[in-house]
Amino acid sequence: MNKQVGGAMFENAGDDEIGKEIHALARRLYPICRSITGDGVRETLAILAEHIALERHEVVTGTPLFDWTAPQEWIIRDAYIADASGRRVVDFRKHNLHVLNYSQPIRARMAFAELKRHIHTIPEQPELIPYRTSYYAENWGFCMAHNAFLAMEDGEYEVVIDAEHRDGSLTYGEYLHAGASEDTFLLSAHICHPSLANDNCSGLALLTLLARNLGRRATRYSYRFLFAPGTIGSLAWLSRNEERVPEIMHGLVVSCVGDGGGPTYKRSRRGSAFIDRAMAHVLEHFGGDATILDFSPYGYDERQFCSPGFNLPVGLFQRSAFGTFPEYHTSADNLDFIRPEHLAASYRIITDVIDIVEGDWRPVSTNPKGEPQLGRRGLYLALGGDKAGAQAAMAMLWVLNLADGDHSLLAMAERSGLRFADIAQAADLLRRHDLLRAAG
Amino acid sequence: MNKQVGGAMFENAGDDEIGKEIHALARRLYPICRSITGDGVRETLAILAEHIALERHEVVTGTPLFDWTAPQEWIIRDAYIADASGRRVVDFRKHNLHVLNYSQPIRARMAFAELKRHIHTIPEQPELIPYRTSYYAENWGFCMAHNAFLAMEDGEYEVVIDAEHRDGSLTYGEYLHAGASEDTFLLSAHICHPSLANDNCSGLALLTLLARNLGRRATRYSYRFLFAPGTIGSLAWLSRNEERVPEIMHGLVVSCVGDGGGPTYKRSRRGSAFIDRAMAHVLEHFGGDATILDFSPYGYDERQFCSPGFNLPVGLFQRSAFGTFPEYHTSADNLDFIRPEHLAASYRIITDVIDIVEGDWRPVSTNPKGEPQLGRRGLYLALGGDKAGAQAAMAMLWVLNLADGDHSLLAMAERSGLRFADIAQAADLLRRHDLLRAAG
Amino acid sequence: MNKQVGGAMFENAGDDEIGKEIHALARRLYPICRSITGDGVRETLAILAEHIALERHEVVTGTPLFDWTAPQEWIIRDAYIADASGRRVVDFRKHNLHVLNYSQPIRARMAFAELKRHIHTIPEQPELIPYRTSYYAENWGFCMAHNAFLAMEDGEYEVVIDAEHRDGSLTYGEYLHAGASEDTFLLSAHICHPSLANDNCSGLALLTLLARNLGRRATRYSYRFLFAPGTIGSLAWLSRNEERVPEIMHGLVVSCVGDGGGPTYKRSRRGSAFIDRAMAHVLEHFGGDATILDFSPYGYDERQFCSPGFNLPVGLFQRSAFGTFPEYHTSADNLDFIRPEHLAASYRIITDVIDIVEGDWRPVSTNPKGEPQLGRRGLYLALGGDKAGAQAAMAMLWVLNLADGDHSLLAMAERSGLRFADIAQAADLLRRHDLLRAAG
């Protein structure tokens with residue numbers, strides 16, 4: 001039952017190639033001005049739908065979503081600050097971070113002294129435009145580089161935000177890869193951020209191409225992909241799919257997967273769910289500066305999936321953890337900041353976890369008393385010589401020793417310190433020699 | 001039910017003031033020559049009774065107290081060693097440590113060679129008088145500075161200990177602050193040591209003034225204060241109050257709380273009782289060199305409370321741990337060794353623990369599915385800006401996330417790493433907005 | 001019931017003497033050419049039988065042993081490689097490691113080019129003869145020093161292995177010291193290695209003399225000693241004694257106990273069985289570089305005892321761990337490599353563990369409420385003065401405090417950090433004063 005995926009599942013997705021593919025897709029998503037609602041989200045979903053049979057859902061403004069309500073759509077057409085000469089000193093057309101996301105409209109002339117209370121900068125990073133939002137409090141504003149702000153002179157400015165809030169709908173995308181079972185692995189990426197490459201064009205692109213590749217294979221689990229605006233989008237999905245929630249056996253929120261930091265995994269609220277163990281195992285063998293963080297209720301949509309009424313086994317996977325890298329939520333989070341090789345490595349980590357989810361089973365030895373005689377079956381030699389052979393033999397000994405029906409392959413990998421893939425390969429070989437059967 | 005105490009309970013007991021008050025009371029207790037029985041204990045209790053409605057209990061000599069018996073009273077009137085010229089080279093009137101506590105009487109002339117077998121000194125601390133006792137073996141003796149001992153010449157001395165053992169009673173004091181429940185927090189300080197300021201005038205004074213201050217407030221728990229001679233006094237209370245023992249939910253033995261070391265907490269025998277967790281939490285956030293020790297069956301009256309037949313959740317709170325500071329059980333443990341600021345800090349640690357005991361409850365979210373929308377309720381802003389605001393928001397997120405009825409506020413504080421007071425404040429705010437209710 | 005052994009059990013086995021005795025016995029075993037079957041094993045057992053009433057078991061060739069079959073006997077009479085001049089350049093008579101153990105016979109003249117494919121050396125240790133076997137694959141071969149190999153010239157050689165495989169039986173030895181109970185402590189040493197002093201003449205000799213010494217005492221447990229060829233021998237015992245397997249409460253596989261490394265203990269598969277705890281306790285107090293390893297399914301016969309169908313509480317005791325010392329499986333593992341003082345220390349460690357197994361019991365205090373008054377019974381003084389007295393008093397306090405029927409003496413030793421022997425002595429003293437009784 002676990003053989004459809006295995007170690008060779010993604011053999012066509014060579015690391016170089018997939019990294020370039022993800023980067024290319026992220027590049028197409030980057031320029032779009034997204035928000036929690038509106039056409040930016042729809043335009044993004046349309047691009048993702050070129051790769052997978054994406055379902056688009058519209059949730060009518062005002063629909064109750066647990067304690068929340070589906071918000072109005074935000075239409076942004078233009079935004080600028082022009083000086084007395086008519087020159088645009090801040091121009092939304094040049095960078096969509098320039099406007100406070102979900103800003104109220106304004107069209108006025110005002111003195112700099114008044115205007116500057118609506119301008120956001122980062123004095124410590126004076127060349128970068130910050131990313132700021134005001135979704136649930138009515139406000140208007142601009143974001144700009146601090147140095148440009150310092151260069152503005154007193155006087156009157158023309159201030160225009162040509163935006164509109166109107167009833168419409170909240171939009172999110174969903175893709176289901178149906179497996180043999182309705183037991184589901186949820187993979188979710190937020191779609192609400194505008195031109196921020198790592199956060200989260202990277203996650204959107206990676207999950208889309210993962211969905212495409214998974215779609216080509218038979219799997220044991222079903223895989224549900226969610227591309228939804230942060231917080232309100234996951235709440236929308238949860239409130240409209242409460243009967244599906246118990247099917248979620250594993251889950252990952254995916255964001256910021258294109259930079260060279262980390263990798264970082266934040267555990268689910270449960271702390272030692274299967275996804276937490278599988279992720280820890282993969283990262284332990286990944287090398288580099290992998291970090292595993294305990295759950296905390298601040299972050300991305302794992303906050304909603306791990307709320308006490310759901311308490312789903314959903315963790316957060318990132319490269320650099322949010323808030324810890326200087327490019328975070330600034331105009332420096334651009335297409336140069338994410339790189340194909342990092343995207344490929346992130347992709348590989350997630351597919352390694354999927355391999356574990358797909359490939360795990362609980363073997364029972366058919367010869368539990370003493371070791372079976374491997375030599376007579378040619379198994380000591382079957383796997384070739386020297387070091388690789390010795391390691392393969394160790395993997396077989398571990399599997400046989402722990403094949404009491406209480407240990408899954410992942411538990412064997414954890415206890416032995418060997419890679420899951422090696423344990424799984426040994427178990428497969430032993431089963432083919434009738435030395436193992438599946439438990440109960 | 002937890003609101004009577006809260007963070008503001010001791011608002012009138014400013015740290016400076018309470019430290020000075022405790023020191024002043026300890027100063028009055030210091031000169032009295034106490035022992036396990038006798039008028040020294042009664043005189044001490046009379047002074048404590050000026051602050052609280054203390055009950056004095058007398059246990060008649062010979063009363064069986066589990067495996068023990070209430071001892072005779074010890075009366076000490078005078079004690080000295082005089083040389084041939086009649087000069088007192090050791091004089092109880094100058095320091096009550098000079099006489100072996102609970103010493104048998106003697107009135108004799110004897111050669112130095114014989115006398116010196118009854119003289120106790122500390123060669124390594126030659127200027128200090130040691131504190132020695134002989135409660136349960138008949139003996140007589142003197143304690144003195146080693147240098148003074150070395151200055152004694154051979155020859156005959158007049159040796160007088162004008163003491164008496166006679167049937168009477170064992171005395172201890174008790175104060176009960178009745179709370180809403182009969183569930184009880186026991187606080188105990190030994191009263192048997194003579195002129196040793198830290199060990200334990202400090203504990204007696206601190207608990208007395210804590211009892212006074214608690215008496216002014218309504219509390220959820222009842223608080224029982226015990227001022228009794230070490231070992232035999234706690235055994236007396238336990239044997240006479242066996243039906244009350246199951247009411248003890250939390251307890252602290254308090255001694256040596258006036259020096260600048262530690263703080264030190266020795267866990268109860270249970271190891272992870274609520275008092276152990278609460279104390280660990282307070283000390284973790286106290287800063288400095290707080291030390292938490294595992295239980296061991298040597299120390300103060302926690303030995304009796306934690307005996308296997310009771311196994312009460314009673315730990316030991318000290319600043320420097322007994323036996324670890326050079327002043328311990330010597331004449332250097334005097335009024336200069338204890339200081340108001342240390343007493344105030346010790347007082348604050350204990351009241352912080354009481355705040356946890358009083359303030360702990362198990363919240364259940366009224367919106368367990370997803371996060372409730374805090375912004376709509378003004379809760380993100382309610383607590384002010386910047387860092388304090390962010391921390392308050394984090395506390396709210398933690399409380400909401402763990403509000404499944406299984407986590408008490410202390411468990412939330414432990415898991416989040418936030419202070420109990422911040423968690424409790426967040427929980428209170430959320431409850432006022434009907435976002436929480438109490439479990440069960 | 002635990003008093004037959006106690007701390008003084010081996011009082012006649014002074015460390016120096018026992019170390020010399022073990023070394024002398026190992027010296028007699030060393031020259032014999034053993035294999036998994038054949039007269040080498042019988043000759044070895046005959047020597048062991050001079051010390052203990054050893055039972056010899058013969059398992060007819062072809063007998064099924066779980067997944068295995070009792071192999072044929074191997075008779076080795078001579079083996080050599082002679083050069084053109086007839087000079088023996090490799091000679092089994094000079095060292096029995098020279099022949100591949102269990103080698104097929106050969107009698108041929110062949111070119112060096114062909115011969116050398118059957119010669120095993122260790123280029124990194126060019127003066128040492130390696131130890132190689134080929135039990136379960138038909139093969140012939142020689143082992144020699146790499147330098148001697150390099151000195152061989154091209155040309156034709158006479159190659160003779162005068163060996164024979166024929167039906168007969170597999171041989172192993174067994175000794176049972178019957179105790180008061182059928183609950184059994186299994187001690188096992190492999191007997192199949194030829195002239196390797198540490199691996200495992202040391203283990204065979206140590207266990208034999210331990211068995212002899214145990215035989216002189218009444219014990220609570222029965223002690224079963226097994227001297228059997230690796231893997232197939234323990235499988236033979238297990239398959240022929242399945243009804244006895246549940247009697248095994250504790251067990252140690254013993255090998256490589258004569259060198260100066262370690263000591264090393266590899267836990268049983270259970271990980272925290274009593275034997276694992278007892279061994280950890282003894283090694284913790286042993287000093288030096290004691291190492292405790294988690295179980296792994298590679299090693300000696302613990303592999304069979306800990307197979308999932310048995311999962312016995314059997315660990316592995318060694319000085320240097322197998323495979324970690326340069327002499328391992330080479331001609332350098334000779335009689336100079338093992339030393340009486342190391343053998344004596346290894347013996348002491350095992351007997352300390354036996355003392356714990358024999359001496360452990362669960363006391364219940366007869367005075368559980370408060371401490372009993374030790375002074376009145378002279379117990380504070382009973383154990384002499386100063387440091388030893390203080391430690392003895394601490395041991396008594398710990399025992400009394402934990403004497404709730406849930407803590408065995410080993411648990412008390414673990415929690416207190418005191419030595420088991422001190423705890424046991426305190427418990428004995430307290431029981432003699434009727435302060436303890438045995439639980440249940």
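This is a predicted model: local features need pLDDT of at least 70, side-chain atom pairs count only at pLDDT 80 or more; totals for chains, interfaces and linings use all residues.
Local features need a pLDDT of at least 70 and side-chain atom pairs count only at pLDDT 80 or more, while totals for chains, interfaces and linings use all residues. Residues are numbered from 1 along each chain as its sequence is written, chains are lettered from A and ligands numbered from 1 in the order in which they are written, and side-chain values use heavy atoms, with hydrogens and water left out.

Chain A comes first. Its domain assignment (bounds from an automatic or database assignment) gives domain 1 as 15-70 + 170-359, domain 2 as 75-166 and domain 3 as 363-438. Between the C-alpha centres of domain 2 and domain 3 of chain A there are 64 Å.

In chain B, helix α7 (residues 274-286) and helix α9 (residues 340-359) have axes that come within 9 Å and cross at roughly 130°. Axes here are lines fitted to C-alpha atoms, for helices over the stretch in contact, and angles run from 0 to 180 degrees between N-to-C directions. That angle is why α7(B) counts as oblique to α9(B); under 35 degrees is roughly parallel, over 145 roughly antiparallel, 65 to 115 roughly perpendicular, and the rest oblique. The crossing of α7(B) with α9(B) is right-handed; the near helix is turned from the far one by less than a right angle, clockwise for right-handed and anticlockwise for left-handed. Residues in contact (heavy atoms within 4.5 Å) include Phe274(B), Met279(B) and Phe286(B) from α7(B), and Ile349(B), Asp352(B) and Val357(B) from α9(B). The contact residues split into twelve nonpolar, one polar and one charged.

In chain A, α7 (residues 274-286) packs with α12 (residues 409-416) at about 45°, the axes being 11 Å apart. α7(A) is therefore oblique to α12(A), and their crossing is left-handed. Phe274(A), Arg277(A), Ala278(A) and His281(A) of α7(A) meet Leu410(A), Ala411(A), Ala413(A) and Glu414(A) of α12(A). Sorted by type, the residues of this contact are five nonpolar, one polar and two charged.

With chain A, 20 residues of chain B contact 18 of chain A, and about 1700 Å² is buried, 49% of it on carbon and sulfur atoms. Buried area is the accessible area (1.4 Å probe) that two parts lose on being put together, summed over both. Lys369(B), Glu371(B) and Asn401(B) supply 39% of what chain B buries against chain A, more than any other three residues. Towards chain C, chain B puts in 18 residues and chain C 20; this pair buries about 1700 Å², 49% of it on carbon and sulfur atoms. Here Asp67(B), Arg269(B) and Pro297(B) supply 37% of chain B's share, more than any other three residues.

Finally, the backbone. The Gly262(A) to Pro263(A) peptide bond is cis, with omega near 0°, and Pro263(A) sits in the loop between β13 (248-254) and β14 (264-266) of chain A. In chain C, the bond from Gly262(C) to Pro263(C) is cis. Phe66(A), although not a glycine, has a positive phi of about 55°, and is placed in the loop between β2 (64-65) and β3 (68-69) of chain A.

How values were computed:
Helices (H or I, at least four residues) and strands (E, at least two) are DSSP runs, numbered from the N terminus. Ala, Val, Leu, Ile, Met, Phe, Trp, Tyr, Cys and Pro count as nonpolar, Asp, Glu, Lys and Arg as charged, and the others, Gly among them, as polar.
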